[in-house]
Amino acid sequence: MTTFEYDVVVIGAGPVGENVADRVVKGGLTAAIVERELVGGECSYWACMPTKALLRSASALRAARQLPGAREAVTGDLDAAAVLSRRDSFASHWRDDGQVSWLESVGIALHRGRGRISSERVVEVTGADGVTTTLTARHAVVVATGSSALLPDIPGLREASPWTSREAASAASVPRRLAIIGGGVVATEMATAFAALGSSVTMLARDAVLPSVEPFAAELVTESLREAGVSVRPGAEAVSVERDDSGVVQIVTGDGDRIEADEVLVAIGRTPNTQDIGLDGIGLAPGAWLAVDDTLRVVGGGEWLYAAGDVNRRVLLTHQGKYQARAVGDVIVARAKGATVDDGRWGRHVATADERAVPQVIFTDPEIASVGLTAAAAEAAGLRIRVVDYDLGAVAGSTLHADGYKGHARMVVDEDRKVIVGFTLAGPDVAELIHAATIAIVGEVPLDRLWHAVPAYPTVSEVWLRLLETYGR
């Protein structure tokens, strides 16, 4: 058995694990990273990048068709093969050579195989050849194993070989009929993508469409999906699934309807990748989410164990996981060197933004861009709020951006502090607008000061002025 020693051992080489290791090395420590699949993780090959590549071509085509002059230049429909080919390039054709090269260039050691914590600060890595390597961490072990798609216990579902987000993101062809179980982000984005690529899509949204966003945003997306030909069924629940001898999937709903599809995508949530990483040997529950303190140390795991990204269930978004990773890497370095730990609110070594300043973009048609709390979440948190709405299509920049621009903006104001705690935009191409709201919320910028942040004219960002005018001075 081969043994290596490093300052820090990271289990999981997705964006979160890579960022942890990078911060550790930049801080002057040594780091090794363990990966059982592709270096770069879910986001690079089966989520963020390939799925947005699937969506982008259709988005560009819709934008062109909304503008006279450009509309007349469009003479055909999407080329599905070209879209899939471009998607393949963004997934690096499911090869991780580039990511491995980057690890080498920054001095991070890579150990391929399944990593398992065998004892305090010790990780055993079993390679594909069955050979086991022992890695000992002088200071910390970081779990950054992420999450996987959750498959519900629907009779016949597993036997029907359903798609998860992975199969949808890497599909080699476009199914003629696609059924989607779920109504969240993955469900709505993939319904948008595959409908544009030519699939006949049925979406069974038992718990409603996008239930965690502002209701007006969910309504706009639902309306748009239906206009695109998607059969959206809020409240519908799949009670049995069967793939027959001809390959057709038969789905029976709770109200007795039978739906036929060529593929069925399950998109109802995530489960942590902690089942077989050795948690039972250190007093933690295998298969459970890992609770962490403010510095991302695992509760009950000892001073040496940290968890970052999806696996701690704080926020299941790549950019927030990378944000956590920077805090984790820096705090490990600080503790290793005996430096002061800055763990106060908004400190260097904590992930305060996870609490109330999380930005997210849902790349549907229209896009939904949000940060902070919804009105309902703010009220549930006990805040005294005022909700301010404005028709995004009434802004001069929006009318120039596209004929018939349809959208909506909302800001949620904490009336006691006179600061914004929530902001949501729904409309074409709003993704790039959300960072201004993120800065306002993180910086806790008073509304009186925001009046002096003058938006350029004519841009869609003028909605900031219109929201402040609606609020009043």
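A: Here's a walk through the charged residues, pair by pair. Keep in mind that this is a predicted model.

Some background for the pairs: side chains of opposite charge can pair when their charged atoms come close. A search of the whole structure turns up 35 salt bridges. One of them joins aspartate 7 to arginine 138, with 3.0 Å between the closest N and O atoms. Aspartate 7 sits in strand S1 (residues 2-11) and arginine 138 in strand S6 (residues 132-143), so this pair ties together parts that are 131 residues apart in sequence. As for cover, aspartate 7 is buried, at a relative accessible area of 10%, while arginine 138 is partly exposed at 39%.

Next up is a pair with nearby numbers: arginine 95 and aspartate 97 form a salt bridge, and their closest N and O atoms are 3.0 Å apart. Arginine 95 counts as exposed because its relative accessible area is 52% and the cut-off is over 50%. Aspartate 97 comes in at 43%, so that one is partly exposed.

Then there's a pair inside a helix. Glutamate 469 and arginine 466 meet through their side chains in a salt bridge, 2.8 Å from N to O. They're 3 residues apart in helix H16 (residues 463-471), which means about one helical turn separates them. Glutamate 469 is partly exposed, with a relative accessible area of 41%, and arginine 466 is partly exposed too, with 24%.

Salt bridges also link up into a network, made of Arg345, Glu355, Asp414, Arg417 and Glu444.

Now for charges gathered with their own kind. Asp293, Asp294, Asp342 and Asp343 form a patch of negative charge on the surface. Patch members must have over 30% relative accessible area and no salt bridge. Taking one of the four, aspartate 342 is partly exposed at 37%, so it clears that area cut-off. Aspartate 342 lies in the loop that runs between helix H10 (318-336) and helix H11 (353-356).

Finally, glutamate 214 is worth a look. Glutamate 214 is in a loop as well, between strand S9 (200-205) and helix H9 (215-227), but this residue is buried, with a relative accessible area of 2%. Leaving out residues up to four places away in sequence, glutamate 214 touches Thr374, Ala375, Arg410, Val412 and Thr424.

Notes. Residues are numbered from 1 along each chain as its sequence is written. This is a predicted model: local features need pLDDT of at least 70, side-chain atom pairs count only at pLDDT 80 or more; totals for chains, interfaces and linings use all residues. Side-chain values use heavy atoms; hydrogens and water are left out. Patches are made of residues with over 30% relative accessible area and no salt bridge: like charges are joined within 9 Å, nonpolar side chains (Val, Leu, Ile, Met, Phe, Trp, Tyr) within 5 Å. Accessible areas come from the Shrake-Rupley method with a 1.4 Å probe; for residues, only the protein chains shown count as cover. A salt bridge is a side-chain nitrogen of Lys or Arg within 4 Å of a carboxyl oxygen of Asp or Glu. Lys and Arg count as positive and Asp and Glu as negative; His and the chain ends are not counted. The place of a charge is taken as NZ of Lys, CZ of Arg, CG of Asp or CD of Glu. Helices (H or I, at least four residues) and strands (E, at least two) are DSSP runs, numbered from the N terminus. Buried means under 20% relative accessible area, exposed over 50%, partly exposed in between (1.4 Å probe, protein chains only). Contact means heavy atoms within 4.5 Å.
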